[in-house]
Amino acid sequence: MILALINQKGGCGKSSTCFHLAGAFAAAGHRVLLVDADPQGSLSQGFFGSAEVEGLVAEMTLAVLFDDDRLVSSPQSIIQPTSVENVSLAPANQHLAPFNTPSPEAAGMRQYVLREFLESAPGYDIVLIDCPPNLYLCSWAAIVAADYVLIPVPPEDFGTQGLRAVHQAIENARALNPGLRRLGHLITRSDRRLVIHRSYEQRLRELYRELVLDTVIPEASAFKVALACRTPVELYARDTAAAVATRTLAEEILARVAERNRKRQVA
Ligand SMILES: Nc1ncnc2c1ncn2[C@@H]1O[C@H](COP(=O)(O)OP(=O)(O)OP(=O)(O)O)[C@@H](O)[C@H]1O
Ligand SMILES: [Mg+2]
């Protein structure tokens, strides 16, 4: 199962969700590959620290897949183990930035590099792709490669224009990837004590109905503290509300995917 997390809104919890979700899936026995498709490299830094990630040469990062001048004999060579058992990572850093171009549909074969990369990297149960806060080539290549898209949304983003653009990109990507499905919107960073957050959640559920996940990720310091300790919250503090929400999310994702597969088989 290949799941891309996209939203052109920054800071909505894409990288944080990938980081902590990987821990929850791995603890449940799944082999997880994380793909950092963001030139900011936040997900990579979560595991390896900023100095190490900034120091990675292009050949050790996702950039090499997009660069016609650099041929890698084995694309899997950029995949590294992490400190978390069953979690591997294909890292990114600033070397990816020049390849994250607008108008991705004009990018020729580069649109397919993540799909080809993942086809050449078997042996994982779950792949999570973390995308930058735009719909340029890196996000586009991610949804061309993915089976499902998850759209993290903080409950304060009242411009639905941004979400419409995300849905349009998914629609367009189906021309290259007909099997692409929307897993749904994931409400992140929620504080249900706030009226504004509760009313946003209600509005989003009215608007998108079953395309909003039941699980809501709360705003919780445990996510930040665990990240600072380079450990997904499931392994850092599994009894916290943050870890419970992340486990529930992992279970809901697998249940939704199983339900979609069942419906497809019946059809
Ligand atoms: N549920 C949460 N509770 C508390 N802090 C959170 C939560 N989700 C994310 N954060 C924190 O908010 C900041 C932004 O989150 P994150 O980096 O995951 O967003 P992003 O969508 O990946 O941003 P970008 O678009 O820049 O890539 C980080 O410091 C992260 O630790
Ligand atoms: Mg991010």
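Glu-234 is buried, with a relative accessible area of 7%, where buried means under 20% relative accessible area, exposed over 50% and partly exposed in between, computed with a 1.4 Å probe on protein chains only. This residue forms a salt bridge with Arg-238, the closest N and O atoms being 3.3 Å apart; a salt bridge is counted when a side-chain nitrogen of Lys or Arg lies within 4 Å of a carboxyl oxygen of Asp or Glu. The structure is a predicted model, in which local features need pLDDT of at least 70 and side-chain atom pairs count only at pLDDT 80 or more, while totals for chains, interfaces and linings use all residues. Residues are numbered from 1 along each chain as its sequence is written, chains are lettered from A and ligands numbered from 1 in the order in which they are written, and side-chain values use heavy atoms, with hydrogens and water left out.

The structure holds 12 salt bridges, among them one in which the side chains of Asp-68 and Arg-110 meet, at 3.4 Å from N to O. This pair links distant parts of the chain, 42 residues apart, since Asp-68 is placed in the loop between helix H4 (63-66) and strand E3 (80-81), and Arg-110 in the loop between strand E4 (87-90) and helix H5 (113-119). Helices (H or I, at least four residues) and strands (E, at least two) are DSSP runs, numbered from the N terminus. Asp-68 counts as exposed at 58% relative accessibility, whereas Arg-110, at 25%, counts as partly exposed.

Helix H8, formed by residues 195-208, has 14 residues and reaches 20 Å from its first C-alpha to its last, close to the 20 Å expected at 1.5 Å a residue; the expected span is 1.5 Å times one less than the number of residues. Within H8, the residues His-197, Tyr-200, Glu-201, Leu-204 and Tyr-208 are buried. They cover an arc of only 100° around the axis, which puts them on the same side of H8, the arc being that of the directions from the helix axis to the C-beta atoms. Glu-201, buried at 9% relative accessibility, forms a salt bridge with Arg-192, the closest N and O atoms being 2.8 Å apart, and Arg-192 is itself partly exposed at 47%. Arg-192, Glu-201 and Arg-205 are linked in a network of salt bridges. Just after H8, Arg-209 takes a positive phi of about 45°.

Positive phi values also occur in loops. Ser-103, in the loop between E4 and H5, has a phi near 50° although this residue is not a glycine, and counts as exposed at 55% relative accessibility. Arg-230, found in the loop between helix H9 (221-228) and helix H10 (233-236), has a positive phi of about 55° and is partly exposed at 40%.

Ligand 1 is surrounded by 19 residues, the closest being Lys-14, Ser-15, Ser-16, Arg-189 and Pro-218, where a residue is included if one of its heavy atoms lies within 4 Å of the ligand. An oxygen atom of ligand 1 is 2.9 Å from a polar backbone atom of Gly-11, and an oxygen atom of the ligand is 2.9 Å from an N or O atom in the side chain of Ser-15. A backbone N or O atom of Pro-218 lies 2.8 Å from a nitrogen atom of ligand 1. Taken alone, ligand 1 exposes 620 Å², of which the protein buries 84%.

Key. A polar contact is a pair of N or O atoms within 3.5 Å; within protein, one must be able to donate a hydrogen and the other to accept it, and residues adjacent in sequence count only if both atoms are side-chain atoms. Accessible areas come from the Shrake-Rupley method with a 1.4 Å probe; for residues, only the protein chains shown count as cover.
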